[in-house]
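Hi everyone, thanks for making time for this. Let me put the sequence and the structure up on the screen, and then we can walk through them together.

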Amino acid sequence: MKILFMVAGTLLICDALLVASVVSVNTGVIAAFAVGVVYLLYGLFHERIRARTGSGPPRVLRIALLVANAAIILAISSVAALGRVDTVSYDEDAVIVLGTAIKDEAVTPALQERLETAVAYHGANPDALVVVSGGQGPGESVTEALAMRRFLVSRGIPESAILMEGRSTSTHENFVLTKSLLDARLGERYTTVFVTNDYHVLRANELSRIAGLDSTSLHAATPWYTVPVDYVRESLAVVKLLLLRE
């Protein structure tokens with residue numbers, strides 16, 4: 001158990017530092033780094049904790065760790081299992097590409113996966129309007145929507161087929177603000193599909209429903225080296241969403 005905590009903690013810390021250097025410092029990086037530090041310290045000082053408490057860590061600490069680990073494992077399992085179940089029909093009126101961090105003015109690997117998936121969707125349903133949704137985050141020199149539109153145009157999608165939503169700062173705002181644009185463009189009756197990375201599908205599906213969009217989903221792959229950070233962040237976000245709804 002000691003070795004498992006040390007290995008898990010070290011991997012999370014290293015992955016958080018890698019993602020921070022390649023993409024940016026975000027809540028996922030901070031959360032993964034913090035969890036990694038807790039795991040590593042618990043593994044390193046496990047023997048001292050046992051020596052001071054006699055038979056092992058205090059009961060309250062053991063229960064807290066057990067509950068926290070169980071919650072994270074359950075959330076990650078749900079996110080992973082449901083994130084790859086696509087409900088897309090390929091006859092939707094619009095495809096919504098949800099934004100995520102960009103590096104300077106360039107799309108990051110995770111965002112590129114979403115955009116490449118949208119390009120493939122557009123090839124199968126060229127009549128669909130493509131909505132790129134994402135505002136300008138800290139350290140970003142342009143909006144995510146603008147960076148996404150540039151990428152799609154470079155892949156052959158006409159600018160006339162692309163609608164930009166560049167004010168949102170969260171997934172909830174992605175859907176709310178995009179719905180306003182689509183209502184004005186398409187009227188009251190239309191269908192949509194959203195594209196995001198697999199880890200994000202579960203929460204995005206619920207947030208799209210809350211925003212009033214009856215949307216199908218289409219997942220994009222997650223770059224392998226961002227998986228630990230992305231899944232730790234998303235599992236915490238899912239737990240937060242569930243708590244806020246109670």
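Here is one to start with: which residues do ring pairs link into a cluster? They are Phe5, Tyr39 and Tyr42. Please keep in mind that this is a predicted model.

Let's stay with the aromatics for a moment. Searching the whole structure turns up six aromatic pairs. Take Phe5 and Tyr42: the ring centres are 4.8 Å apart and the planes sit at 65 degrees, so this pair is edge-to-face. It links distant parts of the chain, with Phe5 in helix 1 and Tyr42 in helix 2, 37 residues apart. Both Phe5 and Tyr42 are buried.

Now compare Tyr90 and Tyr121. Their centres are 5.3 Å apart and their planes at 20 degrees, so here we have a stacked pair. Tyr90 belongs to the loop between helix 4 and strand 1, while Tyr121 lies in helix 5, 31 residues apart. Tyr90 is partly exposed, at 38% relative accessible area, whereas Tyr121 is buried, at 1%.

On to strand 4, residues 129–133. Five of its five residues are buried, so the strand is largely enclosed by the rest of the structure. Leu129, Val131 and Ser133 point one way, and Val130 and Val132 the other.

Who are its neighbours? Strand 1 runs parallel to strand 4, joined by five bridges, and Leu98 stands opposite Ser133. Strand 5 also pairs with strand 4 in the parallel sense, over four bridges, with Val130 opposite Ile162. Finally, strand 4, helix 6 and strand 5 form a right-handed β-α-β unit.

Key: Residues numbered from 1 in each chain as written. Predicted model: local features only at pLDDT ≥ 70, side-chain atom pairs only at ≥ 80, totals over all residues. Heavy atoms only, no water. Buried < 20%, exposed > 50% of the residue type's maximum accessible area, 1.4 Å probe, protein only. Helix = DSSP H or I, 4+ residues; strand = E, 2+ residues; numbered from the N terminus. Pairing = 2+ DSSP bridges. Right-handed = clockwise from strand over helix to strand, strands pointing away. Phe/Tyr/Trp six-rings, centres within 6.5 Å; stacked < 30°, edge-to-face > 60°.
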